[in-house]
Amino acid sequence: MISRKIQTRAGFSLMESLLVLTIITLVMIAFQIIPSRDLHHYLEVNFFFSHLKSQLIFGQEKAMTRLEPIRVSFHKDLNQIYFAAQSHLYPYQILDLPADLELASNFEFIFTPTGRTNAFKTVIFNDLTMQEAYYLKFQLGSGRFVLSQ
């Protein structure tokens, strides 16, 4: 009779442990499946800046390989960035900023056929969600740029 009580208690304890582990596992899975808004915003902003950097490098290389100036325009009112050959009226690429980012001012420059820029400025992107600013600094004449937060 004593051994039966021990088995019952041990069996009940095992069932409790399995139930607790199951609940913990389900909670952990739920946290992985349902992304938080902060994570979504972080990924969206990082993707945008990664895309912007690649488009700037592509525009610079396009200017150098085709020996044709490429115009890059930051439009505050439209919250867009245009990339166009200087001889063409229409842009070949338009980047829309995410809804939570806004440009602080307008700016336009040209990648010359040598790969250099004809103007320099720090373009400021305001992150409305995180209350932060991102700075895209163009260096005079070199065609280089640096993104910082």
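I started with the rings: the count for this predicted model comes to 14 aromatic pairs.

I picked out one of them, Phe74 with Phe107. I got 6.2 Å centre to centre and 25° between the planes. That angle is under the 30 degrees cut-off, so I filed the pair as stacked.

Where do Phe74 and Phe107 sit in the chain? I found Phe74 in strand S1 (residues 70-75) and Phe107 in strand S5 (residues 107-111). They are 33 residues apart, and the pair links distant parts of the chain.

Next I checked what else goes with them. Phe74 and Phe107 belong to one aromatic cluster, along with Phe48, Phe49, Phe109, Phe111, Phe125, Tyr134, Phe138 and Phe145.

Phe48 and Phe49 took me to helix H2, where both are buried. H2 (residues 37-66) has 30 residues. I read 43 Å from its first C-alpha to its last, close to the expected 44 Å. Other buried residues I noted in H2 include His41, Leu52, Gln55, Gly59 and Lys62.

I found it over the face of Tyr92, at 3.6 Å from the ring centre.

Last, the surface. Which residues make the nonpolar patch of about 430 Å²? I have Leu19, Ile23, Val27 and Phe31 down for it. Phe31 is in helix H1 (residues 2-33). Its relative accessible area is 66%, so I logged Phe31 as exposed.

Note on methods: Residues numbered from 1 in each chain as written. Predicted model: local features only at pLDDT ≥ 70, side-chain atom pairs only at ≥ 80, totals over all residues. Heavy atoms only, no water. Helix = DSSP H or I, 4+ residues; strand = E, 2+ residues; numbered from the N terminus. Expected span 1.5 Å × (residues − 1). Buried < 20%, exposed > 50% of the residue type's maximum accessible area, 1.4 Å probe, protein only. Patch = residues over 30% accessible without salt bridge, like charges linked within 9 Å, V, L, I, M, F, W, Y side chains within 5 Å. Areas by Shrake-Rupley, 256 points an atom, 1.4 Å probe, with all protein chains shown as cover. Salt bridge = Lys/Arg side-chain N within 4 Å of Asp/Glu carboxyl O. Phe/Tyr/Trp six-rings, centres within 6.5 Å; stacked < 30°, edge-to-face > 60°. Lys NZ or Arg CZ within 6 Å of the ring centre and 35° of its normal.
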